Amino acid sequence: MAALSAALCLAAVACRGPAASAGTAYGTTSAAAPTTMTPASPAKDLLTVRKTGAGYVLATSTGRTIYWYSVDTKGSGKSTCTGTCLAAWPAVTGAPVAAPGVQLAGKLGTITRPGGVVQATYNGYPLYTYAQDMAPGQTTGNGVTGAWHVITGAVLSPSPASAAAASLRDASPAASATPTGTASGYGGGGY
(Lines give C-alpha, C1' and ligand atoms only; values in the text may rest on other atoms or scores of the structure.)
Protein backbone atom coordinates (compact mmCIF):
# COMPACT_ATOMS: atom_id res chain seq x y z
CA MET A 1 0.00 0.00 0.00
CA ALA A 2 2.84 2.37 0.83
CA ALA A 3 4.51 1.63 -2.50
CA LEU A 4 1.28 2.40 -4.38
CA SER A 5 0.85 5.67 -2.48
CA ALA A 6 4.43 6.69 -3.26
CA ALA A 7 3.96 5.80 -6.94
CA LEU A 8 0.79 7.94 -7.15
CA CYS A 9 2.60 10.90 -5.56
CA LEU A 10 5.48 10.62 -8.02
CA ALA A 11 3.07 10.33 -10.95
CA ALA A 12 1.18 13.42 -9.79
CA VAL A 13 4.39 15.44 -9.59
CA ALA A 14 5.53 14.22 -13.01
CA CYS A 15 2.21 15.04 -14.67
CA ARG A 16 2.09 18.49 -13.14
CA GLY A 17 5.22 19.60 -14.99
CA PRO A 18 7.66 22.22 -13.80
CA ALA A 19 6.67 24.54 -10.99
CA ALA A 20 4.90 27.69 -12.14
CA SER A 21 6.91 30.88 -12.16
CA ALA A 22 6.12 34.54 -12.77
CA GLY A 23 5.15 35.09 -16.39
CA THR A 24 4.12 31.49 -17.14
CA ALA A 25 0.40 32.06 -17.07
CA TYR A 26 0.35 32.21 -20.87
CA GLY A 27 2.96 29.55 -21.52
CA THR A 28 5.97 31.83 -21.72
CA THR A 29 8.85 32.22 -19.37
CA SER A 30 11.49 34.86 -19.18
CA ALA A 31 15.15 33.96 -19.38
CA ALA A 32 16.02 35.73 -16.16
CA ALA A 33 14.03 37.50 -13.50
CA PRO A 34 15.11 41.10 -12.85
CA THR A 35 17.44 41.34 -9.91
CA THR A 36 16.82 44.99 -9.08
CA MET A 37 13.58 46.83 -8.60
CA THR A 38 13.05 50.51 -9.18
CA PRO A 39 10.65 52.33 -6.89
CA ALA A 40 7.29 52.99 -8.46
CA SER A 41 6.76 56.62 -9.30
CA PRO A 42 3.69 58.18 -7.64
CA ALA A 43 0.48 58.30 -9.60
CA LYS A 44 -0.11 61.55 -11.45
CA ASP A 45 -2.83 63.82 -10.06
CA LEU A 46 -4.24 66.06 -12.78
CA LEU A 47 -5.06 69.52 -11.40
CA THR A 48 -7.46 71.82 -13.14
CA VAL A 49 -9.22 75.14 -12.64
CA ARG A 50 -12.91 75.32 -11.79
CA LYS A 51 -15.22 78.33 -11.61
CA THR A 52 -16.87 78.60 -8.18
CA GLY A 53 -18.59 81.20 -6.04
CA ALA A 54 -15.11 82.16 -4.82
CA GLY A 55 -13.91 82.68 -8.41
CA TYR A 56 -11.65 80.35 -10.35
CA VAL A 57 -10.00 77.89 -7.96
CA LEU A 58 -7.47 75.11 -8.25
CA ALA A 59 -9.31 71.77 -8.26
CA THR A 60 -8.72 68.05 -8.64
CA SER A 61 -9.61 66.30 -11.89
CA THR A 62 -12.95 65.36 -10.30
CA GLY A 63 -13.73 69.03 -9.54
CA ARG A 64 -13.02 68.97 -5.82
CA THR A 65 -11.70 72.32 -4.59
CA ILE A 66 -8.10 72.31 -3.38
CA TYR A 67 -7.03 74.14 -0.21
CA TRP A 68 -3.78 75.11 1.47
CA TYR A 69 -3.29 75.34 5.23
CA SER A 70 -1.57 78.45 6.60
CA VAL A 71 -0.28 76.52 9.65
CA ASP A 72 1.94 74.47 7.31
CA THR A 73 5.38 75.99 6.78
CA LYS A 74 6.09 76.83 3.16
CA GLY A 75 8.84 74.68 1.70
CA SER A 76 9.34 72.61 4.87
CA GLY A 77 8.51 69.33 3.15
CA LYS A 78 6.08 68.50 5.96
CA SER A 79 2.37 68.67 6.65
CA THR A 80 1.10 69.65 10.09
CA CYS A 81 -2.34 68.19 9.31
CA THR A 82 -2.49 64.68 10.79
CA GLY A 83 -5.01 62.45 12.58
CA THR A 84 -8.48 63.97 12.80
CA CYS A 85 -7.29 66.99 10.83
CA LEU A 86 -6.41 64.71 7.92
CA ALA A 87 -9.82 63.03 8.14
CA ALA A 88 -11.50 66.43 7.68
CA TRP A 89 -8.92 67.70 5.18
CA PRO A 90 -7.80 64.75 2.99
CA ALA A 91 -4.42 65.17 1.35
CA VAL A 92 -4.27 65.59 -2.42
CA THR A 93 -2.10 62.58 -3.23
CA GLY A 94 0.13 61.81 -6.18
CA ALA A 95 2.48 63.90 -8.28
CA PRO A 96 0.51 66.94 -9.49
CA VAL A 97 0.42 68.01 -13.13
CA ALA A 98 -1.56 70.88 -14.63
CA ALA A 99 -4.33 69.89 -17.02
CA PRO A 100 -3.83 70.91 -20.66
CA GLY A 101 -4.52 74.64 -21.02
CA VAL A 102 -4.17 75.37 -17.29
CA GLN A 103 -1.50 77.93 -16.49
CA LEU A 104 -0.10 78.20 -12.97
CA ALA A 105 2.12 81.03 -11.77
CA GLY A 106 3.43 78.86 -8.92
CA LYS A 107 5.37 75.63 -8.80
CA LEU A 108 3.84 72.18 -8.34
CA GLY A 109 5.73 69.64 -6.28
CA THR A 110 5.37 66.86 -3.72
CA ILE A 111 6.23 65.89 -0.17
CA THR A 112 6.29 62.41 1.30
CA ARG A 113 4.08 61.95 4.34
CA PRO A 114 4.86 59.42 7.09
CA GLY A 115 4.03 55.98 5.72
CA GLY A 116 5.28 56.89 2.25
CA VAL A 117 2.17 58.64 0.92
CA VAL A 118 3.09 61.25 -1.71
CA GLN A 119 1.18 64.53 -1.24
CA ALA A 120 0.92 67.25 -3.88
CA THR A 121 2.20 70.77 -3.13
CA TYR A 122 1.80 74.18 -4.72
CA ASN A 123 4.42 76.85 -4.04
CA GLY A 124 5.79 74.67 -1.25
CA TYR A 125 2.47 74.25 0.60
CA PRO A 126 0.86 70.79 0.91
CA LEU A 127 -2.54 70.55 -0.78
CA TYR A 128 -5.83 69.24 0.65
CA THR A 129 -9.50 68.86 -0.18
CA TYR A 130 -12.29 69.39 2.36
CA ALA A 131 -14.48 66.44 3.42
CA GLN A 132 -17.49 68.74 3.90
CA ASP A 133 -17.44 69.86 0.25
CA MET A 134 -20.15 67.49 -0.94
CA ALA A 135 -20.07 68.33 -4.66
CA PRO A 136 -17.55 69.51 -7.23
CA GLY A 137 -17.03 73.27 -7.13
CA GLN A 138 -18.02 73.75 -3.49
CA THR A 139 -15.72 75.97 -1.43
CA THR A 140 -17.23 75.57 2.06
CA GLY A 141 -13.77 75.12 3.59
CA ASN A 142 -12.51 78.54 2.48
CA GLY A 143 -11.69 80.56 5.59
CA VAL A 144 -12.39 77.77 8.12
CA THR A 145 -10.65 78.68 11.40
CA GLY A 146 -8.97 81.48 9.48
CA ALA A 147 -6.32 78.99 8.33
CA TRP A 148 -7.77 77.11 5.33
CA HIS A 149 -7.82 78.81 1.93
CA VAL A 150 -8.62 78.11 -1.69
CA ILE A 151 -5.99 78.85 -4.32
CA THR A 152 -7.54 81.43 -6.58
CA GLY A 153 -6.97 84.60 -8.53
CA ALA A 154 -4.34 85.60 -11.05
CA VAL A 155 -2.06 82.72 -10.04
CA LEU A 156 -4.04 80.28 -12.14
CA SER A 157 -6.19 80.25 -15.22
CA PRO A 158 -7.81 77.81 -17.63
CA SER A 159 -6.96 80.15 -20.52
CA PRO A 160 -5.11 83.44 -21.18
CA ALA A 161 -8.44 85.31 -21.39
CA SER A 162 -9.58 84.16 -17.96
CA ALA A 163 -6.13 84.93 -16.54
CA ALA A 164 -6.55 88.55 -17.64
CA ALA A 165 -10.04 88.67 -16.12
CA ALA A 166 -8.78 87.15 -12.86
CA SER A 167 -5.94 89.69 -12.72
CA LEU A 168 -8.38 92.57 -13.04
CA ARG A 169 -10.79 91.08 -10.49
CA ASP A 170 -8.03 90.38 -7.93
CA ALA A 171 -6.13 93.66 -8.25
CA SER A 172 -6.87 94.78 -4.68
CA PRO A 173 -4.01 94.61 -2.13
CA ALA A 174 -6.03 92.36 0.20
CA ALA A 175 -6.50 89.82 -2.55
CA SER A 176 -2.76 89.34 -3.00
CA ALA A 177 -1.76 89.32 0.68
CA THR A 178 0.20 86.34 1.97
CA PRO A 179 1.17 85.06 5.41
CA THR A 180 4.41 87.03 5.23
CA GLY A 181 3.11 90.00 3.28
CA THR A 182 5.08 89.21 0.14
CA ALA A 183 3.87 87.92 -3.19
CA SER A 184 3.84 84.12 -3.22
CA GLY A 185 1.59 83.21 -6.12
CA TYR A 186 -1.57 82.91 -4.05
CA GLY A 187 -4.53 85.13 -4.62
CA GLY A 188 -7.84 85.75 -3.02
CA GLY A 189 -8.49 85.59 0.51
CA GLY A 190 -7.46 86.39 3.94
CA TYR A 191 -4.20 84.86 4.87
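Trainee: So helices are DSSP runs of H or I with at least four residues, strands are runs of E with at least two, and both are numbered from the N terminus. What joins β1 to β2?

Mentor: A hairpin, through two residues. Before you go on: this is a predicted model, where local features need pLDDT of at least 70 and side-chain atom pairs count only at pLDDT 80 or more, while totals for chains, interfaces and linings use all residues. Residues are numbered from 1 along each chain as its sequence is written, and side-chain values use heavy atoms, with hydrogens and water left out.

Trainee: Fine. How many bridges join β1 to β2?

Mentor: Six, and β1 (residues 44-52) and β2 run antiparallel. Two strands count as paired if DSSP finds at least two bridges between them. Lys51 stands opposite Tyr56 of β2.

Trainee: Which sheet has β1 and β2 in it?

Mentor: An open sheet of three strands, in the order β2-β1-β4, with mixed pairing. β2 (55-60) and β4 (95-98) are the edge strands, each with a single partner, so one side of each has no neighbour in the sheet. From one strand to the next, the twist averages 35°; the angles come from axes, which are lines fitted to C-alpha atoms (for helices over the stretch in contact), and run from 0 to 180 degrees between N-to-C directions.

Trainee: Is β2 mostly covered or uncovered?

Mentor: Mostly covered, with five of its six residues buried. Buried means under 20% relative accessible area, exposed means over 50%, and partly exposed is in between (1.4 Å probe, protein chains only).

Trainee: Other topic. What is the order of the five-strand sheet?

Mentor: β6-β7-β8-β3-β9, open and with antiparallel pairing. Neighbouring strands are turned by 45° against each other on average, direction ignored.

Trainee: How many bridges between β6 and β7?

Mentor: Five, in the antiparallel sense, with β7 covering residues 118-122. Thr110 has Ala120 of β7 as its bridge partner.

Trainee: Where does Thr93 lie?

Mentor: In the loop between α2 (84-88) and β4. Thr93 has 42% relative accessibility, so it counts as partly exposed.

Trainee: Is Tyr67 buried or exposed?

Mentor: Buried, at 0% relative accessibility. Tyr130 is buried too, at 13%. The rings of Trp89 and Tyr130 have centres 4.0 Å apart and planes at 25°, so they are stacked. That pair links Trp89, in the loop between α2 and β4, to Tyr130, 41 residues apart.

Trainee: Which residues form the aromatic cluster?

Mentor: Tyr67, Tyr69, Trp89, Tyr128, Tyr130 and Trp148.

Conventions:
Rings of Phe, Tyr and Trp (its six-membered ring) pair if their centres lie within 6.5 Å; planes under 30 degrees apart count as stacked, over 60 as edge-to-face and the rest as tilted.
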